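Dear colleague,

Please find below the structure that I am handing over to you.

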Amino acid sequence: MAETTYLEAIRQAMLEEMDRDPAVVLIGEDVGVYGGAFKASEGLLARFGWERVIDTPISESAIVGAAIGMSYVGLRPVGEMQFIDFIACCFNQITNFAAKSHYRWGAPVPLVLRGPCGGGVHGGPFHSANPEMYFVHTPGLKVVCPATPRDAKGLLKSAIRDNNPVLFFEHKFLYRRVKEDLPEEDFTVPLGKAAVRREGRDLTIVSYAAMLHVSLDAAAELAKEGIDAEVIDLRTLLPLDRETILASVRKTNKLLVVHEDTRTGGIAGEIAMMVTESAFEDLDGPIRRVTSLDTPVPYAPVLEEYFLPSTAKVVAAARELAHY
Amino acid sequence: MTREQHLELYYFMRLNRELEEQMVRLFRQNKIVGGVYSSLGQEAISVGTAYALGPGDWIAPMIRNIGALLVRGFKPRDILTQHMARYTSPTLGKDGTSHFGDLKSRHVISPISMLGDLIPVMAGIAMGGRYLGQKIVTMTWIGDGGSSTGVFHEGLNLAAVQKAPLVLILENNQWAYSTPVEKQAALRDLADRAKAYGVKSAIVDGNDVVAVERTTREAVQQARAGNGPVLIEAKTMRMRGHAQHDAAEYVPKRTLEEWRRRDPLDRYERYLSANKLWDAKSKKEIDDHIAREIAADVEFAENSPFPPPELAAEGVYCEGCHTIEADWKRPKEEVMPPRSSVKAEWPMYLYSGNGARPPAKKQATPKAKPGKKPARAPVRAKVGR
C-alpha cells in the first residue's frame with residue numbers, strides 16, 4: 001500500500017469505522033461540506049450523507065453535549081474540535097457529564113472527541129495547545145496521543161469501538177510530515193499500551209506524540225556518542241501503561257521523560273512518582289525531564305523554538321543523565 | 001383526558017408533595033446525607049409536563065423534578081434511597097438526590113448539577129433517535145437562573161438548526177437561590193429567549209396542572225411532527241428556600257402568601273370537585289394509598305445498608321459490563337453507502353430579508369441580469385432533517 005500520512009490515516013479510520021458500523025456518526029464545525037479545517041473528514045459527507053456527518057454552529061459545549069446524548073441511544077459519535085485549544089469551551093461537558101456518567105449511574109458514553117493539538121507550526125497561544133493533562137486528571141476519560149500513522153489509525157479505531165469517552169489528540173505537526181506503509185486489512189492498536197520504539201541499555205526516554213520523533217532523533221545522535229537509549233512511546237496517557245515503563249527502567253536504570261506539554265503538572269511528574277513508588281531501588285540516577293516552558297505557546301518562530309523541547313535539548317539532558 | 005387520567009395526575013402531584021414532606025422530616029432527623037431541594041408549589045409542572053410524554057420518550061429532570069421521575073415510573077423508594085445514600089439506590093450510593101436515570105426502559109437521563117448542560121444532551125438524544133428512525137421526543141427542564149448559562153443558548157440553538165424534537169420546560173420559579181429573576185434577565189417573559197433562536201414558545205400558568213398538561217401535549221405533538229423544538233415557560237413560585245438549609249428570608253412574605261393562594265394541589269382539588277371527577281371517597285382512597293406507599297418505602301430505605309466501602313473504587317470505566325446497542329427503527333441500509341451518499345454541496349436557495357427566515361412563498365431563484373451582479377445573499381441549508 002502507498003505511504004499514508006498521519007492525517008490520511010485518521011481519515012481512513014473514520015471512513016472505515018463508518019463503513020463498518022452505522023452507529024458511527026461525525027459531528028463538529030465545518031466537518032461536512034468543507035471536510036474539516038485540516039481535511040481530516042474529507043469525502044465523508046459525500047459518502048455517508050447529512051445525517052451522519054453533521055456540521056454544527058460554533059458551539060463546542062453543544063457539540064459534546066449532543067454527542068453524549070447520541071451515545072446514550074447507542075450511537076458512537078465522533079466529535080471534532082477544530083483546534084484542540086477550543087476544548088476548554090466544553091470542559092464541563094467532558095469532565096462532569098461524560099467522564100462521570102458510567103461511575104455515577106452506570107451509563108456508558110462511547111464517544112470520541114478528536115482534534116489537532118500541539119505546537120511547532122507557529123499557531124500562537126490559541127492554536128498550539130497540549131491540554132492532555134487537564135483530562136488525564138479526570139477519572140472516567142481515556143486520553144490517546146498517537147505519534148505514527150499506524151497508531152493514529154489503529155488507536156482511533158479502538159477509540160471508536162471503546163465504550164468510554166476517549167479524547168484523541170492528533171498532533172498537527174505530524175499531520176503531513178510523517179508517512180508510513182499501512183496494512184490493507186482492518187487492524188486496531190489497543191488503548192492503554194505503550195510501545196518500545198527503540199531498544200537500548202543505557203537509559204530510557206519516555207515520550208509521546210511529536211516528541212517521540214524528537215526523542216528518536218536524539219537517540220540516533222546519542223548512539224554516535226556510544227550512548228544506547230531505549231525510547232518508549234506512551235501512545236495512551238490514560239490509562240497509563242505502567243508496566244512497560246517500569247520494565248524498561250528496571251533494565252536501563254535511568255529515566256528521562258520528554259513531553260511537549262508545559263512542565264508543571266505534565267505527565268513527567270506522574271511517571272517520576274510512579275517509578276519512585278515502584279522501582280526506586282532500580283534507579284541509578286535522578287529522573288530527568290525535557291519539556292516546554294511554563295508559559296503559553298508563543299507566536300514568533302524564535303520564541304516558539306525557545307519554548308519547545310528540541311533534539312539538542314534532549315541529547316544534552318540524556319548525555320548528562322547517561323554520565324551520572 | 002379521562003377521569004382515570006385526571007385522578008392519576010392528582011395521584012402523582014400528591015405523591016410528589018407527600019414524599020417531599022416526608023424527606024423534610026427525614027432531613028430534620030439527620031437521615032438524609034445531602035440536601036433536600038423542595039419543589040413545593042411546583043408539582044404541577046413536573047407532573048403535568050412529564051405526563052404529556054409517551055412511553056418511548058426521554059426526560060432529563062432537574063433537581064426539583066421528582067414529580068417527573070414518579071411519572072416515568074420510579075418509586076418513592078428510589079428517591080428515598082438516593083437521598084439516604086443507600087446501597088439499594090439506583091446509583092448504589094454513588095450519587096444522590098435526583099441524580100439517577102435509566103437508559104433501558106424509563107428513558108431517564110441522570111442530570112448533573114451544572115445547569116444548562118442537559119439541553120444539548122437532550123438535543124443529541126432527539127437527533128440520535130431521529131437518526132435511528134424512532135419517533136421520540138425529548139424533554140428537559142431549566143430554571144429562570146439556569147437560562148442565563150451559555151450552554152442553555154448553545155443547546156437551544158443547536159436544537160433549533162437541527163429541528164430536533166426537544167421540548168424545553170423553562171420553569172420560572174422566580175428565584176435562583178437568593179437572586180430574583182429580575183437580576184437574571186431583563187425580560188418580562190423568559191419565553192422570549194426562544195425567539196432569538198427561531199424556536200416556538202408558549203407561556204403557561206405553572207400552578208394549573210390541566211393547562212400545563214395541555215400546553216405540553218401540544219408542544220410534544222409539534223416536536224414529534226418534525227417542526228423543531230418548543231420552549232414552554234411555566235410561571236410559578238419557589239415556596240421554600242433553595243434547599244432545606246435555606247430559610248429564604250430574602251423572599252418577601254407577602255409574595256409567598258399570594259402564591260400560597262394559588263397552590264397547584266388546592267387548585268386541582270377544586271377543579272376535580274367542580275367537574276365532578278371525584279368525591280371524598282376517591283380522594284381518601286388515593287391519599288391512603290400514598291400514605292401506605294411512602295411508609296413502606298421509608299421503612300425499606302431505613303433498613304437498607306450503606307454501600308460497601310470498596311465500591312468507591314469500582315465502575316470508573318465500562319469494561320464490557322454494558323452492551324451498547326442502538327434500537328434501529330429503520331433499515332440500516334438507508335444510512336450506508338450507496339444510499340447515504342450525497343453531493344457534498346450545500347443545497348441552497350436564495351431569499352431576501354435579513355436571513356432569519358426563508359420567504360413565506362416559494363420564489364423562483366432570481367436570474368442575474370447580464371452585466372449586473374446579483375446582491376450577495378445569505379444562504380440557508382436544509383440538512384439532517
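**Confidence**

Please bear in mind that this is a predicted model. Its scores are ipTM 0.97 and pTM 0.94. For chain B the average pLDDT is 92, and 90% of the residues score at least 70. Two stretches of chain B call for caution. Over residues 350-355 of chain B the pLDDT is below 50, and the model gives this stretch 9 contacts beyond near neighbours in sequence. Residues 372-385 of chain B likewise have a pLDDT under 50, and here the model has 22 contacts beyond four places in sequence. Where pLDDT is low, predicted coordinates should not be read in detail.

**Chain A: overall form and domains**

Chain A contains 11 helices and 14 strands. Its C-alpha trace spans about 60 × 40 × 40 Å along the principal axes. Among the contacts in chain A with a separation of 6 or more, 80% are between residues 24 or more positions apart.

The domain assignment divides chain A into domain 1 (3-181) and domain 2 (195-322). The C-alpha centres of domain 1 and domain 2 of chain A are 26 Å apart. Their contact takes 25 residues from domain 1 of chain A and 23 residues from domain 2 of chain A. On the side of domain 1 of chain A that touches domain 2, at least two residues come from each of α5 (132-136), β6 (142-144), α6 (149-161) and β7 (166-171) of chain A. The residues on that side of domain 1 of chain A comprise 14 nonpolar, 8 polar and 3 charged.

**The nonpolar core**

In soluble globular proteins, nonpolar side chains tend to be buried together. In this model the largest nonpolar core has 191 residues. Those with the most contacts inside the core are V144(A), L256(A), A318(A), M122(B), A123(B) and V167(B). The element that gives the most to this core is α5(B), with 9 residues. Domain 1 (3-181) and domain 2 (195-322) of chain A each contribute at least three residues to the core.

Leaving aside residues up to four places away in sequence, M122(B) touches G69(A) in chain A, together with W58(B), A60(B), T138(B), T140(B) and L166(B).

**Backbone features to inspect**

Most residues other than glycine have a negative phi, and most peptide bonds are trans. The following places depart from that pattern.

- The peptide bond from L238(A) to P239(A) is cis, with omega near -5°. P239(A) sits in the loop between β12 (236-238) and α8 (242-252) of chain A.
- A cis peptide bond also joins P337(B) to P338(B), with omega near 5°. The loop that holds P338(B) runs between α11 (280-302) and β8 (348-349) of chain B.
- T97(B), which is not a glycine, has a positive phi of about 40°. The residue belongs to the loop between α4 (76-83) and α5 (118-131) of chain B. T97(B) counts as buried because 23 other C-beta atoms lie within 10 Å, and the cut-off is 20 or more.
- Y177(B), also a residue other than glycine, has a positive phi near 50°. Y177(B) is placed in the loop between β4 (175-176) and β5 (179-180) of chain B. With 12 C-beta neighbours inside 10 Å, and a cut-off of 12 or fewer, Y177(B) therefore counts as exposed.

With kind regards

Definitions and conventions
Residues are numbered from 1 along each chain as its sequence is written. Chains are lettered from A and ligands numbered from 1 in the order in which they are written. Helices (H or I, at least four residues) and strands (E, at least two) are DSSP runs, numbered from the N terminus. Two residues are in contact if their C-beta atoms, placed from the backbone, lie within 7 Å. A nonpolar core is a set of buried Ala, Val, Leu, Ile, Met, Phe, Trp, Tyr and Cys residues joined through C-beta atoms within 7 Å. Domain bounds come from an automatic or database domain assignment. pLDDT is the predictor's confidence in each residue, from 0 to 100. Ala, Val, Leu, Ile, Met, Phe, Trp, Tyr, Cys and Pro count as nonpolar, Asp, Glu, Lys and Arg as charged, and the others, Gly among them, as polar.
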